[in-house]
Amino acid sequence: MMYFIDVVYVGATALLASGLSYRLLEWQSKKNLPPVTRVEPETVFLFEGDRLIDTSDCAEQLLAMHHIEGRRWSDLRSVLAERFPNFPESAPQSATVLPMIIDSQDHGRASRIQIEQVRTRLRVSLIERTEEDENTAERYQRRIWEGQVETLRNATHHAPYPIWQSDKNGRILWANTAYEDLITACGHSFEIEDGARGLPPVFDLPASPTLHRHRYRTSVTLKPGQEVLWYDVNSIREDHFTMHYAIDINAVVQGEAAQRTFVQTLTKTFAQLSIGLAIFDRKRVLTLFNPALTDLTHLPPGFLSNRPSLHSFFDQLRNAQIMPEPRSYTEWRDDLTELANAAADGQYQEIWSLPSGQTYRVSGRPHPDGAIAFLFEDVSAEVSLSRQFRTDMELNQAVLDLIPQPIALFSFQNTLQFRNQAYRDLWADEPHADDAEVSIINSLAHWCRHSQSDAGFAAMAEGLAHDGPISLDQTSLRLKDGRCLRVMVDRLPGGAHMLWFSDAESRKPRLELVKTA
């Protein structure tokens, strides 16, 4: 049986043993962990969670080299990720992944980062293979510079365009692979000077540009019988040498040549047109015109060649009386902007009747890139012919109106072409439609509604469809008002028909058709 004093004795002994064990373990841990603040070849960072609490001298030097002022895990990662892209983005939280070993991914011999847990803290150690005269921080920075130099060397040597360096005398000091390939393509050989291999010049450039930056356009001829390559060379002069960068512009040169050929072809085509053409760019400045414009407007070629504005162009037209005088020229001149907008939409078209008796059709059309084109066409003959035709039509109508018998003329398409006043009086209630819209079928139906019987109209319809003699048999119709009409049909040349209406007692008048030359 255990007494109370025995229980106290056993508890005190266990407590003392636990304390001694804890102190022993702590002493052993401190014995294995060197202080991180002393100068040592390793670069060590000590973290508590996400916060950096202590560094070695090399680690502090490395942060200063990169101007890092923060004390977080992300700040350290911004320094190390350039050579160690697999460095964790956040501090590891699980002890199962520790210790963690990360190798560098840059050029040269591999370096290493070791992340391990020391009680509740994380220790990040950078392990470098250093020289005798440098520490790990200096070695780390030198490896970054070596990687950057290697990246730049690969970028320049593998660039698709020629890059080279020359001295003040034009001697080439260095060139990339594209430049060396161009030397071979041009059939040049590499020069040998004093037993050393030299690079021959391929581009015809001055030894040293006068400006700090200069741009040249030059060509390079490949081997005989092959093509010519065009380049834009940008030269940047420094104190002792000049860097040159050549850019392939063959597509640009070929496009410019094609554009010049296209413009020349258009110019030749425009020169053959009888329609005057004036093209104004987006700034409303005359950029292109053809000879027909000078013939129609009588504007001096020198004036047009000086690229006048839209306002100046129309001012000259007004002064030369090549446009109708507006009621208020000041208001019209202010409305030129609306005129230009209408031309840009393709909605501008006017007929100008000039004091000289000529008539011009002026129209505006949109052009690429915001430009507009004005077309001047002499339509005097067309307008004169239209007026003469309209006069002849009015004369023919007047002659028909003098004939007392009702007459209707239908074309070969069976549409009403002419009708005189007597016909209008006879069939006054016929629908008032344009003559071209009235067919002979509609007229027959209208006449039938005013007749006592439609037998005569059936015979007339059969006669109109007959292709026999010129004069068809006449037909008598009795209207509902008791009048009796005689309807006579004559077939005219070209398939047209002329219908005569008269009283039953009257005869068809005799018409002499005179053929005119």
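Visitor: Hi! How many residues has the largest nonpolar core, and which have the most contacts inside it?
Guide: The largest nonpolar core has 27 residues, and those with the most contacts inside it are Phe280, Phe313, Phe314, Leu317, Trp352, Phe374 and Phe376. A nonpolar core here is a set of buried Ala, Val, Leu, Ile, Met, Phe, Trp, Tyr and Cys residues joined through side-chain atoms within 4.5 Å. Buried means under 20% relative accessible area, exposed over 50%, partly exposed in between, with a 1.4 Å probe and protein chains only. This is a predicted model: local features need pLDDT of at least 70, side-chain atom pairs count only at pLDDT 80 or more, and totals for chains, interfaces and linings use all residues. Residues are numbered from 1 along each chain as its sequence is written, and side-chain values use heavy atoms, with hydrogens and water left out.

Visitor: Good to know. What is Leu317 in contact with?
Guide: Leaving aside neighbours within four places in sequence, Leu317 is in contact (heavy atoms within 4.5 Å) with Thr297, Leu299, Ile322, Met323, Trp352 and Phe376.

Visitor: And which residues does the second core include?
Guide: That separate core of 25 residues includes Phe84, Ala91, Ile102 and Val124.

Visitor: Switching to rings: how many aromatic pairs are there?
Guide: The structure holds 15 of them. Rings of Phe, Tyr and Trp (its six-membered ring) pair if their centres lie within 6.5 Å; planes under 30 degrees apart count as stacked, over 60 as edge-to-face and the rest as tilted. Phe313 and Phe314 make an edge-to-face pair, 5.5 Å centre to centre with 90° between the planes, and both residues are buried.

Visitor: Why is the pair of Tyr423 and Phe501 tilted?
Guide: Their ring centres are 5.9 Å apart and their planes are at 55°, so the pair counts as tilted. Helices (H or I, at least four residues) and strands (E, at least two) are DSSP runs, numbered from the N terminus.

Visitor: Which residues are buried in α12?
Guide: Ser380, Val383, Gln397 and Leu400 are buried there. The buried residues of α12 pack against β16, β17, β19 (416-419) and α13 (421-426).

Visitor: Last one: what does the side chain of Arg361 join up with?
Guide: Arg361 lies in strand β16, and a polar contact of 3.3 Å joins its side chain to that of Glu382. A polar contact is a pair of N or O atoms within 3.5 Å; within protein, one must be able to donate a hydrogen and the other to accept it, and residues adjacent in sequence count only if both atoms are side-chain atoms.
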